Amino acid sequence: MTLAPIAKKDFQDAVRSRGMLALVALFSLLVAAFAVVVRPTGQGTEQFATELLLQFFVGRFLVTPLVPLVGIVVGYNAISGERESGSLKLLLSLPHSRADVVFGKVIGRGAALSLAVFTGFLLPGLVLFALEQTGALAAFNVGSFLGYTVFAAVLGVVFVAISVGFSAAASTQRRALIGSVGIYVLFVLLWSAVTGQFLNAASGVIDPLPVSQQQVSVFLQAANPTSGVELLSSAFLGGQLLAGETLNQQISAVSMLVFWTIAPPLVGLWTFDAADL
Amino acid sequence: MTAIELRGVTKEFADVTAVRGLDLTVESGEVYGFLGPNGAGKSTTIDMVLDLVRPTEGTVRVLGQDATADGVAIRQRTGVLPDGFAVYDRLTGRQHVAFAVRSKDAADDPDALLDRVGLLDDADRTAGGYSKGMRQRLALAMALAGDPDLLILDEPSSGLDPAGAKEMREIVRAEADRGATVFFSSHLLEQVEAVCDRVGILRDGELVAEDSVEGLREAVGGEETLEIAVGDDAEAVDEGTAAVRALDGVSRVDRDGDALVVSCADDAKTRVIAALEDAGVAVADFHTREASLEDLFLAYTEGETPAPSADDASEDGDADADTAGDEDGEDNDAISDDADTEEVSR
């Protein structure tokens, strides 16, 4: 097992990626700007200012669309890029199995992305803290804020894993990018439209089954990592993480996140392992 | 104990058969030169040894283990300088070597390895800014990590200046002295001639010759070529030419301006000079030329069959050597296009 050296090497490599740094800087500035501009000041919301900001503004408009994009930028060229440039020859002349390469890269690049997300939330955190000190914001809940960054990082790691999977399966960087962007478009932009169509079209099939339209719809929501993370993070911000009415949905969402982190790299490895390089 | 053993190995790609029916044995502890023009299948063969490419037919065993099933265990004991590789542009030289050391679970000091290949002063620079020669040295340092039992060097001197190529040879010798098996591919014959115990020549995916450098030379014919500077006494030279042609052991005589080019057996040299002097030719100067490996290489890789005598090969050697180098588009300057020349002045 040589996962650790590959993970470390890829972490060192990925944290120096200009594309990732640029996206994270953009992300950080946007979150900070949101914090300043839309800080909730209405009556009765003071107690939950941090939670409202994160869930309804930062989460919906910044984390959901941007963090998966950073994940794809970090992941899509992990293996296909090395294959195209020739550094994969250097890598595989060392005693690494191809499985170590794929999973080492998921770990190393996932860690790089997590660090980037935490860094990206640092500036907005300072801004919110300053706003609270000056009295412009009623309350800044540090615990909620830090906890939320964990969910954002999880979302990014899932997309790193998906795009590393494409990267392992594809023979060129371009194909890996097309596959990863396709998944992004499906999960981030089109999911509700596509699943809505599916539910309408499949109603004839679903009706005789012992499940309701509603249950299938809930499952489809949990199956998408972006809505899964939204579900879990809003449960967390509402103090209902792995508890309350949505417990079953939350468990489904957690299972699906684990699935999306492991299955795409495995499928990619299956192709990569048989390939002539 | 064999270090590398290929039995009946064929590799077919979608559009081309790169290697066909190849049998190759590299004994433990030897320095084996793997020669052939570009496109002969050298890299595909090495890729199969490293399990980057799987054979269509046949078996590949390395250090006694199956190349595909035991690839990781094999590479644990193998150091590789690949051909056409790239470095990690954003990582420093030291990070590269440290990565190789960690990957092999070795105890080497990265700086010591970098020092050995002459890269210590640039250890903190990112490899993206390295020249081709420096990248080559970097990959060599990575290959040397963990004192490998087998070193596989694919075109090791590409991108190196003559001094770098010499250092590369010295490292190859030092590794061989340590007991490592060295398998290296090249189209640079000077490299092979200087360090290899045995040479195999690959052509169109098949091994067309395998022997020691001396053995190959014998096989192509033990003849030497004499270049004799003669005077401008045309009559005496004509007479002398006829006399030399009549000698035993002389296979060919050509006029080349003021010089006679004589292909003859090794022991006929003095008789050739004597016959010329008897005919009244003033022999000003002469050189003998042994068939160089360059000539041998051309005989094996370009001729229809290996030439039975060295005549054509040695005469055309210089001109063709440049062509052979150009096939690769680089490293021409590193090719020795001088035949072994020994000068005898009188």
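**Architecture of the predicted two-chain model**

E155(B) lies in the loop that connects strand 7 (150-154) with helix 6 (162-178) of chain B, where helices (H or I, at least four residues) and strands (E, at least two) are DSSP runs numbered from the N terminus. The model is a predicted one, in which local features need pLDDT of at least 70, side-chain atom pairs count only at pLDDT 80 or more, and totals for chains, interfaces and linings use all residues. Residues are numbered from 1 along each chain as its sequence is written, while chains are lettered from A and ligands numbered from 1 in the order in which they are written.

E155(B) is not a glycine, yet its phi is positive, at about 50 degrees. This residue counts as buried, because 24 C-beta neighbours lie inside 10 Å; a residue is termed buried if 20 or more other C-beta atoms lie within 10 Å of its own, exposed if 12 or fewer, and partly exposed in between, with C-beta atoms placed from the backbone. A positive phi, near 50 degrees, also occurs at L63(B), a residue other than glycine. L63(B) is placed in the loop between strand 4 (57-62) and strand 5 (65-66) of chain B, and is buried, with 22 other C-beta atoms within 10 Å.

The secondary structure of chain B consists of twelve helices and 15 strands. Of the 346 residues in this chain, 47% are buried. Contacts, defined by C-beta atoms, placed from the backbone, that lie within 7 Å, were also classified by sequence separation. Among those in chain B between residues at least 6 apart in sequence, 69% join residues at least 24 apart. Chain B is divided into domain 1 (2-217) and domain 2 (223-290), with bounds that come from an automatic or database domain assignment. The C-alpha centres of domain 1 and domain 2 of chain B are 45 Å apart. A246(B) occupies the loop between helix 9 (234-245) and strand 12 (250-256) of chain B. A246(B) is exposed, with 9 C-beta neighbours inside 10 Å. Between A246(B) and V272(B), 26 residues apart in sequence, the C-alpha to C-alpha distance is 9.9 Å.

The model scores are ipTM 0.87 and pTM 0.79. For chain B, the mean pLDDT is 81, and 83% of residues reach 70 or more; pLDDT is the predictor's confidence in each residue, from 0 to 100. Residues 304-346 of chain B stay under 50 in pLDDT, and the model has 81 contacts beyond four places in sequence for them. Chain A has a mean pLDDT of 89, with 96% of its residues at 70 or more. Within chain A, confidence is highest in helix 7 (residues 142-169), at a mean of 95, and lowest in helix 9 (residues 203-206), at 77.

The contact between the chains takes 19 residues from chain A and 23 residues from chain B. On the side of chain B that touches chain A, the elements that give two or more residues are helix 2 (71-76) and helix 3 (93-103) of chain B. Helix 3 of chain B gives the most to this side, with five residues. The residues of this side of chain B comprise 14 nonpolar, four polar and five charged, where Ala, Val, Leu, Ile, Met, Phe, Trp, Tyr, Cys and Pro count as nonpolar, Asp, Glu, Lys and Arg as charged, and the others, Gly among them, as polar.

V87(B) is located in the loop between strand 6 (78-81) and helix 3 of chain B. V87(B) is buried, with 21 other C-beta atoms within 10 Å. Apart from neighbours within four places in sequence, the contacts of V87(B) include S87(A) and L90(A) in chain A, and H96(B), A127(B), Y130(B), R135(B) and L138(B) in chain B. V87(B) and T44(B), 43 residues apart in sequence, are 21 Å apart in space, C-alpha to C-alpha.

In chain A, helix 3 (residues 49-75) spans only 34 Å between its end C-alpha atoms, whereas a straight helix of 27 residues would span 39 Å at 1.5 Å a residue; the expected span is 1.5 Å times one less than the number of residues. Helix 3 of chain A bends by about 65 degrees at G59(A), the bend being the angle between axes fitted to the seven residues ending there and the seven starting there. Helix 3 of chain A is largely enclosed by the rest of the structure, because 19 of its 27 residues are buried. A33(A) is situated in helix 2 (residues 18-37) of chain A and counts as partly exposed, with 13 C-beta neighbours inside 10 Å.

Terms used:
Two residues are in contact if their C-beta atoms, placed from the backbone, lie within 7 Å.
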